[in-house]
Amino acid sequence: MAEPGSELVLPWRPGQRVMEWGGGDHPVIRPNLDVRWLKTVDQVVDFSWPLPMPDGEWDGIFCRFLLEHLSWRKVRVALSEMHRLLKPGGQAVIITANIKAQAQHLVDTPDDQWSDDLVCEIFGSQDYDGGLWRMNSHYCGFSPAYIERLLKEAGFWKDTLTYLIFWST
């Protein structure tokens, strides 16, 4: 299976200002904003608070498997920030897990076939070293209808969301 996001054709053209949120050690776009201090991270930020950047200066934001790592209490802040940072007509590409499909997958899996990988779908891999494992844990989840509602509350409309993809195994 390909790395989620690697098969995407992203909508931005050369010369447009685009950033990635949560690219970690495998960013697709630069600058890459993340919570961890890594060589591949251009700016370390806390996505659960307003970001120290001016309004409306970005043509695009690519956000892949970040939202589920935020507290459910802070997801609205992050989505509002994303909307605030985009220029009018800017595009957000958001990829997040579909917890409804993942939960159904768990329910449909016989007890004798459960594994760490299966549980990881819901709770995250929790595989960062030291106390950082908490950063790779899931603190919220979305169904397609719920994330669409949150995006609309943040000011997004269907035409400003180029892709809304839910990766599920």
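# Reading the calls in this model

Q: Why does Glu 81 count as buried?
A: Glu 81 has a relative accessibility of 7%. Buried means under 20% relative accessible area, so at 7% Glu 81 counts as buried. Keep in mind that this is a predicted model.

Q: Where is the place of Glu 81, and with which residues is Glu 81 in contact, leaving aside its neighbours within four places in sequence?
A: Glu 81 belongs to helix α1. With neighbours within four places in sequence left aside, its contacts are Trp 21, Trp 49, Pro 50 and Leu 51.

Q: Which residues make the contact of α1 with α4?
A: From α1 come Val 75, Arg 76 and Leu 79, and from α4 come Tyr 146, Ile 147, Leu 150, Leu 151 and Glu 153. By class, six of the residues in this contact are nonpolar, none is polar and two are charged.

Q: What makes α2 roughly antiparallel to α3?
A: The axes of helix α2 (residues 99-108) and α3 come within 9 Å and cross at roughly 155°. Angles over 145 degrees count as roughly antiparallel, so α2 is roughly antiparallel to α3. In this pair, α2 passes α3 in a left-handed crossing.

Q: Which residues in α2 meet which residues in α3?
A: Ile 99, Gln 102, Ala 103, His 105 and Leu 106 on the α2 side meet Leu 118, Glu 121 and Ile 122 on the α3 side. This contact divides into five nonpolar residues, two polar and one charged.

Q: Why is Phe 123 called partly exposed?
A: The relative accessible area of Phe 123 is 46%. Buried means under 20% and exposed over 50%, with partly exposed in between, so 46% makes Phe 123 partly exposed. Phe 123 lies in helix α3 (residues 116-123).

Q: How far apart are Phe 123 and His 138 in sequence and in space?
A: Phe 123 and His 138 are 15 residues apart in sequence, while their C-alpha atoms are 5.0 Å apart in space. Leaving aside neighbours within four places in sequence, Phe 123 is in contact with Asn 136, Ser 137 and His 138.

Q: What makes Gly 24 count as buried?
A: Gly 24 has 3% relative accessibility. The limit for buried is under 20%, so at 3% Gly 24 counts as buried. Gly 24 is placed in the loop between β1 and β2 (32-34). Its contacts, neighbours within four places in sequence aside, are Asn 32, Asp 34, Arg 36, Leu 38, Thr 40 and Val 41.

Q: Why does Phe 65 count as partly exposed?
A: Phe 65 comes to 22% relative accessibility. Buried means under 20% and exposed over 50%, so 22% counts as partly exposed for Phe 65. This residue lies in the loop between β4 and α1, and its phi is near 55°, a positive value in a residue other than glycine.

Q: Which residues touch the most other members of the largest nonpolar core?
A: Trp 21 and Leu 79 do, in a core of 28 residues. The elements giving two or more residues to this core are β1 (18-21), β4 (58-64), α1, β5 (86-97) and α4. α1 provides the largest share, five residues. Leaving aside neighbours within four places in sequence, Leu 79 is in contact with Leu 67, Ile 94, Ile 147, Leu 150, Leu 151, Ala 154 and Phe 156. A second, separate core of seven residues includes Leu 8, Trp 12, Val 18 and Ile 29.

Notes:
Residues numbered from 1 in each chain as written. Predicted model: local features only at pLDDT ≥ 70, side-chain atom pairs only at ≥ 80, totals over all residues. Heavy atoms only, no water. Contact = heavy atoms within 4.5 Å. Nonpolar A, V, L, I, M, F, W, Y, C, P; charged D, E, K, R; others polar. Buried < 20%, exposed > 50% of the residue type's maximum accessible area, 1.4 Å probe, protein only. Core = buried A, V, L, I, M, F, W, Y, C linked by side-chain atoms within 4.5 Å. Axes fitted to C-alpha atoms, helices over the stretch in contact; angles between N-to-C directions. Parallel < 35°, antiparallel > 145°, perpendicular 65-115°, else oblique. Left-handed = near helix turned anticlockwise from the far one by under 90°.
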